[in-house]
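Please look at the sequence and the structure first.

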Amino acid sequence: MRKLLPFTLFIFIQSIVVAQVNPAAKYASIVSAAELEKHLSVIASDSMEGRETGTSGQRKAAAYIEKHFKSIGLQQVPSLNGYQQFFPIKQDSIQQVSFSAANEEAVWGIDFISPVSTNESSSFGSNNLVFVGYGIEDDLYSDYENHDVKGKVVVFFKGEPQKKGKYFISSDGSASIWSDGGTGLITKLEIAKSKGAVGALIIDPYQPNFNSQTIKRSKKTSLYYPTAIDESNRINFVYITHEYAMKIIGADFELILSVVKRKELLNSISLYKNIAIAYSYKKYAEVINASNVIGVIEGSDKKDEYVFLTAHYDHLGIQNGVIYNGADDDGSGTVTVLQMATAFAKAKKEGNGPRRTIVFMTVSGEEKGLWGSEYYSDNPIFPLEKTSVDLNTDMIGRIDTERKTADTLNYVYVVGHDKISSELPLVNEAANKNTTKLVLDYKFDDPKDPNRIYYRSDHYNFARKGIPVLFFYDGMLLADYHQPTDDVERINWRLFEKRAQLIFYTAWEMANRNDMLKRDKPLPEGSR
Ligand SMILES: [Zn+2]
């Protein structure tokens, strides 16, 4: 107690001084540790089930945020029904599949599987089967040389050969474009299609049978964000077991398999079979709505310009029966947006409303791949060119366990300060200078930093559209990051409050300054 007293007095005196010069100080105090804790103890409680996108937990969190926005009188976007901007996500499962060779029905899971993630609803059939090695063709090597596969079914092995003779695919064991982990499979299916093949049978040299995990994964995809991928330029396929391969290829199979296991070339092998192959496939896409929750405070004389305050309210859900509460990630950012909304709403009621319109947007789908912010930025409600800035908050309630310097209790990482607008650091640093006095650490803007933090949260989807962004972050990459132990009990409230207030002060200035932020610096390079 004795140690705390002088600190408390200091804050008290300081806030009186600030209040005289800056009306923001009065409202910043609303963004208090006590209020943040009140919200976070709900958002990061077990009742929210870890807030995984597309689940009831996510919908509960959205309802909580919506209720808060309503209770403080935020405006709804007229084109939306309520405060939620829904966006479709999908999950595919197999509805029907059949595969036969020589008029004999093969058994799913025993003889073959046909993964739902890479096959479409369609059928194929042929009386001709052609062996095409690894199914590879590039400038140096072709498995299709001297083979006519038009109208036929091809059979090939997963993987790739290594350096032999004049050919060079990969000699050091590192992955090439043909590797199974990357786009190799898709590229092979596209080549087969371009050669006129109607379907493919694929053999994994190292998996004679299918284990239960492989079978399970092949039936149903994870939730995914639908993008415009053109599947029409590739063919459907089945994986077959070694036993089944032997049945249709014959005794040569063992010999060829030993060549594959030595990673040698296969393009000198000619193997044709006259055998009736028939395949049909039907899959079903379940569409699930996820949402961004959006509330608005209309500006005064600059109401056609916008300041976005964002955070993601989704987290990792329940895994193996354990709830991932995500108190810091990103419960902390979510409740910061909620409490900033309360503060700005109060300011507006008292005649101190913002000049620009402020859009409070909590998004979902972040943990899956920044889906909610991608959807918003591709389907914007407010003109992107009139959006002055996005201040994104993702994890500000903890202390970076790797940070050992003296300011451990008084820092925040600010990311994106040197990109898109030269005015970003000026506004943020000025807001900090006379108020929160945090150490603003730009370490993650170092191009040599390997973490690529700039690409890893929702502000990136604003940046890629040319909107200046700042991202506020505590640097927690170890300890409880994406662990079930990311709980409310581990939040450092005093530091959390300071950082949240800094973002509020910065937002205040962004919403009230005379001009929108200049866009005088190049867009960030690369992509996530
Ligand atoms: Zn996060």
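Is Asn432 buried or exposed? Asn432 is buried, with a relative accessible area of 6%. Here buried means under 20% relative accessible area, exposed means over 50%, and partly exposed lies in between, using a 1.4 Å probe and protein chains only.

The model is predicted, so local features need pLDDT of at least 70 and side-chain atom pairs count only at pLDDT 80 or more, while totals for chains, interfaces and linings use all residues. Residues are numbered from 1 along each chain as its sequence is written, and side-chain values use heavy atoms, with hydrogens and water left out.

**Around Asn432**

Asn432 lies in helix α12 (residues 423-433). Helices (H or I, at least four residues) are DSSP runs, numbered from the N terminus. Leaving aside residues up to four places away in sequence, Asn432 touches Lys437, Leu438, Leu440 and Leu502; contact means heavy atoms within 4.5 Å. Asn432 and Tyr505 are 73 residues apart in sequence, and their C-alpha atoms are 7.5 Å apart in space.

**Two helix pairs**

Two packed helices are described by the angle between their axes and the distance between the axes. Axes are lines fitted to C-alpha atoms, for helices over the stretch in contact, and angles run from 0 to 180 degrees between N-to-C directions.

| Helix pair | Axis distance | Angle |
|---|---|---|
| α3 (residues 33-43) and α9 (residues 327-349) | within 9 Å | roughly 130° |
| α7 (residues 242-249) and α8 (residues 252-261) | 8 Å | about 125° |

The angle makes α7 oblique to α8, and α3 and α9 are likewise oblique to each other. Angles under 35 degrees count as roughly parallel, over 145 as roughly antiparallel, 65 to 115 as roughly perpendicular and the rest as oblique.

On the α7 side, His242, Ala245, Met246 and Ile249 meet Phe253, Glu254 and Leu257 of α8. This contact has five nonpolar, one polar and one charged residues. Ala, Val, Leu, Ile, Met, Phe, Trp, Tyr, Cys and Pro count as nonpolar, Asp, Glu, Lys and Arg as charged, and the others, Gly among them, as polar.

The contact of α3 with α9 includes Leu36 and His39 of α3 and Gly331 and Val335 of α9. By class it has six nonpolar, six polar and one charged residues.

**Helix α9**

Of the 23 residues of α9, 20 are buried. At 1.5 Å a residue, α9 should span 33 Å, and its end C-alpha atoms are 31 Å apart, which agrees. The expected span is 1.5 Å times one less than the number of residues. Just after α9, Gly351 takes a positive phi of about 85°.

How values were computed: Helices (H or I, at least four residues) and strands (E, at least two) are DSSP runs, numbered from the N terminus.
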